[in-house]
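Take a walk through this protein with the model open beside you.

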Amino acid sequence: MKKLVYTFLGLFLITQVNAQQDVHYSMFYTAPTAINPATAGVFRGDIRFVSNYRNQWSNINAKYRTITAGFDGAIRQKGSDNYWGAGFSFHNDLAGDGRMRTNDYNLNAAYVMEVDRKSFLSFGVGLGMFQRGLDPNQLSFNNQWNGESFDQGINSGEGGIVDNFIAFDLAAGLYYYSYFDDDFAYWLGVSADHLTRPLVSFLGSSEKLYRKYSMHGGLEIPIPNTKIVVQPNALAFFQGPNRAINFGSDFRYIIRPASKRLVFNDEINLAFGAYYRLGDAAFFTSVFQYAGLKIGAAYDLTLSDLALANNGLGGYEVFISYTHAFGNKGGISMFR
């Protein structure tokens with residue numbers, strides 16, 4: 001196979017580019033089931049809908065766009081404080097000049113056990129199918145160089161490129177959630193993705209997708225005698241030679257506190273946050289919550305050497321989520 005001279009950038013990591021790295025959001029905590037299938041059904045409410053959108057590096061004419069949508073909820077068992085969580089998610093990713101596209105379909109299931117009245121442990125699995133494809137006609141190869149530029153009219157002479165394939169996948173995780181006095185709370189999760197290591201080569205080779213190992217967690221810490229809640233969040237994942245470490249905090253201002261007469265959270269608040277992705281970027285977030293509805297946005301500022309190409313302007317993302325509790329009971333109504 002001749003050397004590929006002009007190709008698309010793959011999914012980026014901290015200090016290197018590697019097409020084996022999964023897509024991920026800066027506001028990672030807004031798409032929990034994308035990180036850990038054990039988070040399915042573990043939230044304040046009975047059913048949750050989430051959608052995320054990210055557009056990256058548009059100022060250097062690179063086409064990197066990711067869309068995610070999904071839902072999850074709690075399935076109660078009569079006479080038991082334990083329950084099942086289940087959900088479905090879909091994401092579409094478009095990357096680089098080769099128009100590499102990935103469609104991911106995932107079914108998540110979790111079993112949530114009550115450790116005590118204010119602590120819960122869940123184990124989850126995710127069954128996935130992903131479809132990947134690219135457009136080889138958008139790529140340029142060394143024998144298409146005419147001395148001045150790449151001429152797409154010249155036959156590339158490249159063969160054996162598989163421009164579309166489907167693979168199946170498996171993930172698993174653990175998730176722990178605990179709260180005290182309806183205010184202070186903390187959570188911690190670990191997960192492993194691509195346990196089956198599916199083949200991912202466009203060249204028909206035996207290249208397998210690296211397994212990914214993730215750790216994530218967060219806190220809710222109310223500041224006494226104020227309307228401010230500090231919410232630190234962190235995510236670290238490792239995938240082959242790649243890694244990403246994100247940490248920072250949101251600062252939430254409570255405009256209207258949750259009603260003490262209702263079990264479900266009807267709070268209104270506004271939050272701003274600052275985060276850092278180690279060796280890569282700083283990003284800033286804002287989220288508005290009106291009861292079960294949340295709308296948010298984030299913007300990345302590139303701090304790595306890539307800033308020479310994109311002038312430090314990384315990308316933006318937005319999300320919207322809606323959580324509903326049937327009869328104001330709140331599927332995990334224990335949170336209130």
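In which strand is Thr102 found? Thr102 is found in strand E4. Strands (E, at least two residues) and helices (H or I, at least four residues) are DSSP runs, numbered from the N terminus. Before going further, note that this is a predicted model: local features need pLDDT of at least 70, side-chain atom pairs count only at pLDDT 80 or more, and totals for chains, interfaces and linings use all residues. Residues are numbered from 1 along each chain as its sequence is written, and side-chain values use heavy atoms, with hydrogens and water left out.

Is Thr102 buried or exposed? Thr102 is buried, because its relative accessible area is 6%. Buried means under 20% relative accessible area, exposed means over 50%, and partly exposed lies in between (1.4 Å probe, protein chains only). Contact means heavy atoms within 4.5 Å. Leaving aside neighbours within four places in sequence, Thr102 is in contact with His91, Asn92, Asp93, Gln131 and Arg132.

Arg132 deserves a look. The side chains of Thr102 and Arg132 are joined by a polar contact of 3.4 Å. A polar contact is a pair of N or O atoms within 3.5 Å; within protein, one must be able to donate a hydrogen and the other to accept it, and residues adjacent in sequence count only if both atoms are side-chain atoms. Arg132 sits in strand E5 (residues 119-133). Its relative accessibility is 8%, so Arg132 counts as buried. Phe120 also has its place in strand E5. Phe120 is buried, with a relative accessible area of 2%. Phe120 and Asn82 are 38 residues apart in sequence, yet 8.9 Å apart in space, C-alpha to C-alpha.

Now step back to the whole chain. The protein has two helices and 14 strands. It has 336 residues, of which 49% count as buried. Take the contacts with a separation of 6 or more: residues 24 or more positions apart account for 58% of them. The accessible surface comes to about 16,100 Å², and 61% of it belongs to carbon and sulfur atoms. Accessible areas come from the Shrake-Rupley method with a 1.4 Å probe; for residues, only the protein chains shown count as cover.

Next, the core. A nonpolar core is a set of buried Ala, Val, Leu, Ile, Met, Phe, Trp, Tyr and Cys residues joined through side-chain atoms within 4.5 Å. Which members of the largest nonpolar core touch the most other members? Of its 13 residues, they are Met27, Phe28, Tyr29, Leu235 and Val287. The elements that give two or more residues to this core are strand E9 (228-239), strand E11 (268-277) and strand E12 (281-290). Not counting residues up to four places away in sequence, Met27 touches Thr285, Ser286, Val287, Ala297, Ala298, Glu317 and Phe319.

Aromatic rings come next. Rings of Phe, Tyr and Trp (its six-membered ring) pair if their centres lie within 6.5 Å; planes under 30 degrees apart count as stacked, over 60 as edge-to-face and the rest as tilted. The count by this rule is twelve aromatic pairs. Phe28 and Tyr29 form an edge-to-face pair, because their ring centres are 5.3 Å apart and their planes are at 85 degrees. Phe28 counts as buried at 4% relative accessibility. Tyr29 counts as buried at 19%. The rings of Phe90 and Tyr105 have centres 5.1 Å apart and planes at 45 degrees, so that pair is tilted. This pair links distant parts of the chain: Phe90 is in strand E3 (residues 83-95) and Tyr105 in strand E4 (residues 100-116), 15 residues apart. Phe90 is partly exposed at 25% relative accessible area, and Tyr105 is partly exposed at 30%. Ring pairs also link Phe28, Tyr29, Tyr275 and Phe283 into a cluster.

Move on to Ile295, in strand E13 (residues 293-302). Ile295 is partly exposed, with a relative accessible area of 44%. Beyond four places in sequence, the contacts of Ile295 are Ser286, Val287, Phe288, Phe319 and Ile320. Ile295 and Ser51 are 244 residues apart in sequence and 9.9 Å apart in space, C-alpha to C-alpha.

Finally, confidence. pLDDT is the predictor's confidence in each residue, from 0 to 100. The protein averages 83, and 80% of the residues score at least 70. Over residues 1-19, pLDDT stays under 50. Over residues 330-336, pLDDT also stays under 50. Where pLDDT is low, the predicted coordinates should not be read in detail.
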